[in-house]
Amino acid sequence: MEKGRVTIPSESNFLAETKRLMALWGADAIRDSDGTKLDDELKQIGAKIYTTYFVARGHNDFAEKHLEEVQQAFLLSQRVTATKTTAVIPFMAGYLAEQLQPNYREDPKEFWEVYDRTLGEKVAPENWEVNQTENSVRLKKWHPYHEYTVSFLASMVWDPTQMYNHITNDWGDKSHEIPFDVRQPESQAFVSNFLTNWLAENPDTDVVRFTTFFYHFTLFFNDQKKEKFVDWFGYGSTVSVRALKAFEKEYGYKLSAENFVDEGYYNSTFRVPSQSYLDYIDFIQRFVAKEAKKLVAIVHGAGREAMMFLGDNWIGTEPYGPYFKEIGIDAVVGSVGNGTTLRMISEIPHVNYTEGRFLPYFFPDVFYEGNDPTVEAKQNWLTARRALLRKPVDRIGYGGYLSLANQFPGFVDYVSHVTQEFRELYGRISDTKPYVGITVGILNSWGKLRSWQTHMVAHALWYQQIYSYLGVLESLSGQKVAVEFLNFTDLKEGVPSEIDVLINVGDAGTAFSGGKNWSKTSLIETITQWVANGGGFIGIGEPTAYLANGRFFQLAHILGVDKELGFSLSTDKYFKTENTTHFITENKEAKDFGEMQKNIYALSKDTQILSYVDGSVQLATHDFFNGRGVYFSGLPYSPANAQIFLRSIYYAAHKEEQLKIWYADNPDIEVHAYPEKKQYAIVNNTDLPQTTRVYTATDNYNISLTPGAIEWRDYDE
């Protein structure tokens with residue numbers, strides 16, 4: 001294809017340049033962005049028109065008249081230590097008043113909570129009082145030198161994404177957009193009526209790009225306009241008194257502020273979810289699906305397409321959840337930060353097409369004099385491309401200010417290469433499935449609901465403590481491996497028959513390792529029997545960690561290692577010798593375990609230690625009856641780590657002899673085969689020339705590739 005499958009941003013008074021870039025990049029669609037508009041001339045350019053549509057923000061003329069219906073959240077104050085003479089808690093300290101304001105419309109005595117955090121007990125409402133002038137709570141009775149907090153209901157008077165864009169792009173006096181809650185009666189009527197009228201007033205819009213629907217992911221700013229708390233999966237901004245009462249009526253029990261502030265963790269996706277939180281997520285998802293379906297029906301009734309942005313106000317629309325199909329959305333677009341996020345978008349079911357928004361955004365934080373945005377663009381494309389070769393998105397695009405990108409000719413030229421290569425790849429593989437040699441199951445507390453989303457922060461950002469685990473999905477995103485996502489309930493009747501290897505990844509106590517789920521004897525029995533009968537189990541970090549019955553790793557008997565917590569220091573640990581020759585490492589030393597774990601020790605001589613660093617096992621294998629366990633202390637993404645991980649998967653599954661089918665010795669090169677078309681691609685994932693030995697299904701040979709190259713070849717059985 002010479003053109004098509006590409007969406008680019010544009011802006012007013014930029015017609016000639018837009019035409020030129022559309023021709024260079026082969027774009028067939030243009031869009032506006034937050035802060036830009038398409039003028040009438042652009043809308044007649046002959047391209048498909050995407051228009052950003054904000055359901056619950058961007059309507060201050062309505063919101064300012066209905067401040068009682070703004071969105072809300074429960075916030076937790078800073079901890080304050082009481083003294084013998086005073087116990088006053090200034091609960092707004094550290095929060096940004098431009099974004100968050102105490103909600104005094106509702107009775108604080110009914111919905112707020114004061115906690116003695118030293119005791120872990122709630123303070124009776126009659127023992128505290130609120131000073132609305134000073135935004136503080138004074139205790140009437142307290143324990144000196146105990147810590148106290150206030151959990152209070154707050155109104156959100158500035159949308160977090162618009163606030164971020166406002167600060168990043170220095171929008172100065174531009175109005176702060178107020179988010180309102182469609183669960184409230186006036187707001188619910190407004191969104192339907194406004195959309196109907198808007199469609200009539202925007203006849204040139206082909207695709208309504210909902211950004212997204214109703215509730216923003218949890219994002220609170222501090223008084224320095226810096227992010228204070230952010231969770232891309234958080235449901236903290238969905239709260240209202242109306243929602244709490246509807247929940248109580250349906251579920252038969254009442255939620256309190258503590259259910260949301262969660263000791264200050266705000267139900268972070270890293271927390272093992274409580275049953276009440278899972279109930280609340282389900283409750284919100286059903287409501288959002290029902291209301292979003294109404295808006296999509298209005299769009300369809302006007303003969304337009306409805307697209308959802310996988311970000312901003314996406315809470316309740318989780319595309320791998322049980323209610324997403326009911327919305328009836330035509331397409332989903334999301335930001336592609338790496339291979340994992342590309343697979344997260346491309347695998348979404350129940351839509352007509354998916355679209356990936358590649359980086360960098362055309363914003364001043366990247367496009368400024370002296371910087372070369374091509375560097376980020378190249379890294380972004382080469383990283384995501386290996387995942388695209390497993391399951392492509394149907395379209396790609398960019399966002400931001402096109403006028404900024406136009407000032408960087410080198411970047412413009414590289415995007416021309418990206419868009420053309422994407423069209424070629426899509427034309428070859430969109431209607432066929434790649435070769436898969438093995439199936440793994442990622443086991444955590446979230447399972448299918450958070451497919452391709454473990455240890456993730458929006459746009460593939462990461463925390464220091466988790467990049468060692470995010471590498472697992474990034475490795476898998478571009479490999480010849482089928483991936484299923486399982487929660488602990490999914491194993492109630494046994495490990496699914498299609499799974500060759502189970503993988504458990506994360507720190508102790510987190511949702512991803514599993515925490516208290518490993519206290520269940522039935523779970524341990526199920527996996528132990530399955531591995532004994534020939535299954536494979538890979539643990540990374542602190543897998544199956546739950547201190548009980550003389551073990552920290554509850555499947556230590558399978559992994560062959562456990563973690564010293566200080567309780568068994570008096571028991572000598574003799575097994576420290578590295579095995580220098582093994583299938584997994586194939587004489588290549590595994591060096592990068594990220595943050596690594598300390599004090600991991602082998603249980604017996606039967607544990608094969610493949611890496612032992614600073615007195616701790618970093619990589620090991622262990623045979624368990626007819627099955628195998630493999631342990632990594634961490635696995636940040638790198639081509640070398642991805643290859644070692646792939647080898648460990650095949651080893652754990654007893655399929656070593658099948659590894660070198662569609663395989664390359666050089667970890668910087670990968671091979672993707674498409675049996676239905678009898679074609680395969682040899683892909684250089686780097687910006688440097690590479691050589692390797694390639695293994696097909698029947699042959700092997702040496703090859704050299706130029707930087708970033710893909711070589712396509714036909715084959716016979």
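Trainee: What makes the area between domain 2 and domain 3 count as buried?

Mentor: About 650 Å² is buried between domain 2 and domain 3, with 43% from carbon and sulfur atoms. Buried area is the accessible area (1.4 Å probe) that two parts lose on being put together, summed over both, so the value covers both domains. On the domain 2 side, Gly-478, Pro-639 and Gln-643 supply 54% of what that domain buries against domain 3, more than any other three residues. This is a predicted model, where local features need pLDDT of at least 70 and side-chain atom pairs pLDDT 80 or more, while totals for chains, interfaces and linings use all residues. Numbering runs from 1 along each chain as its sequence is written, and side-chain values use heavy atoms, leaving out hydrogens and water.

Trainee: How many residues are in contact across domain 2 and domain 3?

Mentor: Nine residues of domain 2 are in contact with eight of domain 3, where contact means heavy atoms within 4.5 Å.

Trainee: Why is the pair of Phe-362 and Phe-411 called edge-to-face?

Mentor: Rings of Phe, Tyr and Trp (its six-membered ring) pair if their centres lie within 6.5 Å; planes under 30 degrees apart count as stacked, over 60 as edge-to-face and the rest as tilted. Phe-362 and Phe-411 are 5.5 Å centre to centre with 90° between the planes, so the pair is edge-to-face. The whole structure has 56 aromatic pairs.

Trainee: What parts of the chain does the pair link?

Mentor: Distant ones: Phe-362 is in the loop between β18 (353-358) and α12 (373-388), and Phe-411 is in helix α14 (residues 409-429), 49 residues apart. Helices (H or I, at least four residues) and strands (E, at least two) are DSSP runs, numbered from the N terminus.
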